[in-house]
Every structure is written in C-alpha cells, then in structure tokens.
Amino acid sequence: MPNHEAAQPDQAASPAPQKQPPREIELKLAASPEALETLRGADLIARHARNQGVTRRLDAIYYDTPDRLLDRNGLSLRVRRSGKRHVQTLKRSGSGDPLVRDEWEVALPDGTLDLALLPLAEIGEPLASLSTGQLAPVFVTRIRRRVRRLDYAGALIEIAFDDGTIEAGEKSLQVAEVELELKEGEAAVLYELGLALLDIAALQLETQSKSARGYGLAFSRLPRAVKAKPIEIGAHDNADAAIAAILGNTYRQLLGNLAPVAADSGPDGVHQMRVSLRRLRSALSVLKREVASPAFAPIGREAQRLGHVLGPARNWDVFITQTVPDIEADGLGDSGLSVLRTAAEPHQAESYAAVLKRLANPQTSRFLLSFGALIERRGWRNGLASETMAVLAEPAADFGSRVLARTHRKALKRGRGFGSLHPEARHELRLALKKLRYTAEFFLPLHDGAPARKYLGRLSRLQEALGLANDAATTHELLADLRGGKAGPELHFAAGAVHGWQSRQTIEAGRKLKRRWRRFEAASPFWS
C-alpha cells in the first residue's frame, strides 16, 4: 500500500513518485444477442441511469508489426472511428489485476495512425523505438454500441452493450457482450453490478479483450494455459494483505484459464484451471483456521463443485496424452495400446462437454463474480471478532510461519508409521502434502533462499513417489470404464499390459518411498 504520510522536516526528501499511467478499469460479460436485448430494457438499468443513453457505430483498425511486436509485449494499438471522430488508443495489459489495463488515448485529425502523438517516453519500449511506418493493419472490429452512465452503489459506471463482429481477412467472429467501465468509485461495484445483471439474463465472464480475440482470429491462435505466478507478498505486509495477495493470485490463474478451456486449447488449460482450484481450496483450508470467516465457505464449495467436473477431463487427458505414450515409449508399443486410445477418446470428449456445460452454467458465473467481489472488498473481514481482527493486523511473516508450522505438523501426523500405512491413509497423506506444498509456495517470498528450496525439493519428490500409486488407481478406474460394454479381446489384452506396467512402476517407486519420507521428515522448516 502506498504511504501517504508527509516527510518529516529532518528527513531527506524522497524521490518524486513515478507517474502512474492512465488506467481503464473494466469488467466484460459475454452474452447472447437475446440477453443483450433483455438487459438494454431492464428496469435495473433504467432506475440507475443518468441519461437515456446513446447508440454509436464504432469501427476500429488494429495495428502491429509483421512479427507482432506489440502483441508479444502485451500491447494493443487501434484507430477507432465514431461518426467523424477518430481516436487512437494504446492499451497495455499485465498489471496483474484482472480488471485493469493501462490506456492512452489521443484524438486524430483524421484516421491516419500517428505514433508521435502518444507519450512514447512515458510508455517506453518497445513502442518508443518504433515508427508509424513499421506498423500495418492486422484486423478490424465493427461494433454497434449502446452506452449509458449509471449511478450504482456509490460508483459511476459506464455500461456498454456491444454487438458486432471482429474481422480478419475473410474470417469473422461474432461479438455480443456487456462492458462495465468504472469511472468513479470502488472496483468491487463492477462485480456487484455484474451479479445483479446475472439475475436478469444469462452471462459469462469474458476474460479476453477484443484485441486478444482479434489476434486469435487473424493468426488461428488458441489462448494459452496460464500457470500460477509468484505471489507478491513483502516483509512490510500484514496478514490481511497476505490473504488478499494469495486469494488474488489463485483468482487470476483461474480466470486466465477460462478462455483456453472454453476454446479447447488442449490439456494444459484444464490442468491449470484444476490446479488453480486446488490452490484456492488449500488456501481457504489453511487460512480459515486463523481467520474463521463465513465468507470463505461458499467460495470453497463452488471451487469444489467446479473442480469435481474438471476431474474426469483431466484424468482422460493424462491417460491419452501421458500414460499410454509413456508405456509405448517404454517398449510396450506392440501390446496394441492404440486400441485404448481410440476407446478413450469418446470418454474424453464427453468429459469436456460436461466442463463446457458447467462453465456456461450461471452458477459458475456467480461464483467467479462473487469471488472477485470478495477479494476487492476483503470480505473475510466481515463479522469477525476483535481478536481475529488483531490477527489480520499482525506481520505477514509471523502469520505465515504459524500457518506453515501447523500445516507441516498435520502432514507429519498423517505420516506416522509410514511403512505400515494402508493405501487410503497414504492417499490422505498425499493430499496433506499437496496442501503443505501450496502453502509453502504461498509464503515463499517471505522466506527465500536455499533452505526453502531444499525443503520444497524434498516435499516435491515425496509427492511424486506417492502420486504414482494414485495414478495407478485412477487408471484402474478408467480401464474399468473402457472394459465395460462390448470390449473385445484386443482391449482386454492392452488393459492388462497397462496394469502390469503400472504395477512395476509402483513397486519401483515404493522402494524409494521410505527413504524420501525420512528425508522429508528430517527437513528443517525454512520458516523457523
């Protein structure tokens, strides 16, 4: 948080704060044309509107270099025409906030692109080194926009109903969405208005800008899966700020994988979305012991529901893209494993259809908007006892060390008598270790260095060995599904080969397990 206290007279003057670029704070919601029409005439909009609204035709050309230098650096540049007015706009993503982008706008005397009119020194590279002549049109958007300004919950919000197309050569993509742009007030109100609109019509959170969709269309590019980024927690932060950083980090990873999963970009999208939900549930589980907020429970339940739908899709992905190829690479390709891949593909397609159905469910949109509002409002503070509020004010390092120590102790307790643990108990230990690893990663920025890396290395290797037994159990369930019905002898033979290979792998991993457990058990907690 910025420090707004005035400098004391006897202190040296601090350097002038760096100028913040102008920013656009906006939430997008995808809608059907019918939903747009319903929302345009909704009583909720009329009650809070400052004006009757205006309808504009917006045609925009997006520019880039032949090697897409702007796109690769998170920039989009357009010239938009509305009537006789032309505006040149540069936007920059990457602030870490899902609602925020840097934005620079300048009026043009005509529709001719002119980089020199932008504050290039302020924007910096790579734009500062470019000339207008190096840029060329990439795609265009043709949008019919109905705009109104709303006074809602103490904020001024511009609501835009957009319908039209994105066009790249002969290819086109339909656009139908609601944009909520914050002009004054708190960003949490955008999520809260989104929830109110969801009561009127079916909407889905749209995480891709028109620019991102345009590049995808122009270059036949699918959105990429998003891995978790390091959490930004510093020694100066308190526990409240740490909770906001942890939950915000899991939220951004979750949102970042909505588009890849919806576009069927491949197994990584489903995997990373599932990881984001597991990280979120781990965070809520360990945090609620310190901050028993009732706001955590509904978020956790919805994360579990969505994760439950993603599970089968991930399992079939692993079976088709990892398990079968690994066995073939190990010299068992002559076991007719291709018959398993062919038999599994309809199951994989069915599981993906269930994921898409769940993402389109209004309950999922409500979960995502509610989660965003919780983070913006820091809703875990509501209804807490005074002693818990004191916990939120303590240093993040002290808070994190206590959370890590408790989670570490729980994992050690799960592993007592490790050599004689039955499979169910080992499964519970694996889950406890996974929660511990996520927790350690959450607070890692407060304890960087060799001890932390050593601890996490031992933890990860133990998890990996325990995971082989779990993978074998999951594969056993999948093979049971494939063997049902009218499975022929070729499939039964191939399934037997898989069972044999995984049994050998599990036995080999078992020889390492006790040693890896002892090493982890002896690891020094890096937070001490």
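Salt bridges across the chain

Mentor: Glu-290 and Arg-406 join their side chains in a salt bridge, with 2.8 Å from N to O, the term meaning a side-chain nitrogen of Lys or Arg within 4 Å of a carboxyl oxygen of Asp or Glu. Because Glu-290 lies in the loop between α9 (267–287) and α10 (296–332) while Arg-406 belongs to helix α14 (residues 396–414), the pair ties together parts that are 116 residues apart in sequence; helices (H or I, at least four residues) and strands (E, at least two) are DSSP runs, numbered from the N terminus. Glu-290 is buried, at a relative accessible area of 13%, and Arg-406 also counts as buried, at 15%, where buried means under 20% relative accessible area, exposed over 50% and partly exposed in between (1.4 Å probe, protein chains only).

This is a predicted model, in which local features need pLDDT of at least 70 and side-chain atom pairs count only at pLDDT 80 or more, whereas totals for chains, interfaces and linings use all residues. Residues are numbered from 1 along each chain as its sequence is written, and side-chain values use heavy atoms, with hydrogens and water left out.

The search of the whole structure finds 41 salt bridges, and one of them joins Arg-23 to Asp-102, with the closest N and O atoms 2.9 Å apart. Since Arg-23 lies in strand β1 (residues 23–30) and Asp-102 in strand β5 (residues 100–108), this pair ties together parts that are 79 residues apart in sequence. Arg-23 is partly exposed, with a relative accessible area of 46%, whereas Asp-102 is buried, at 7%.
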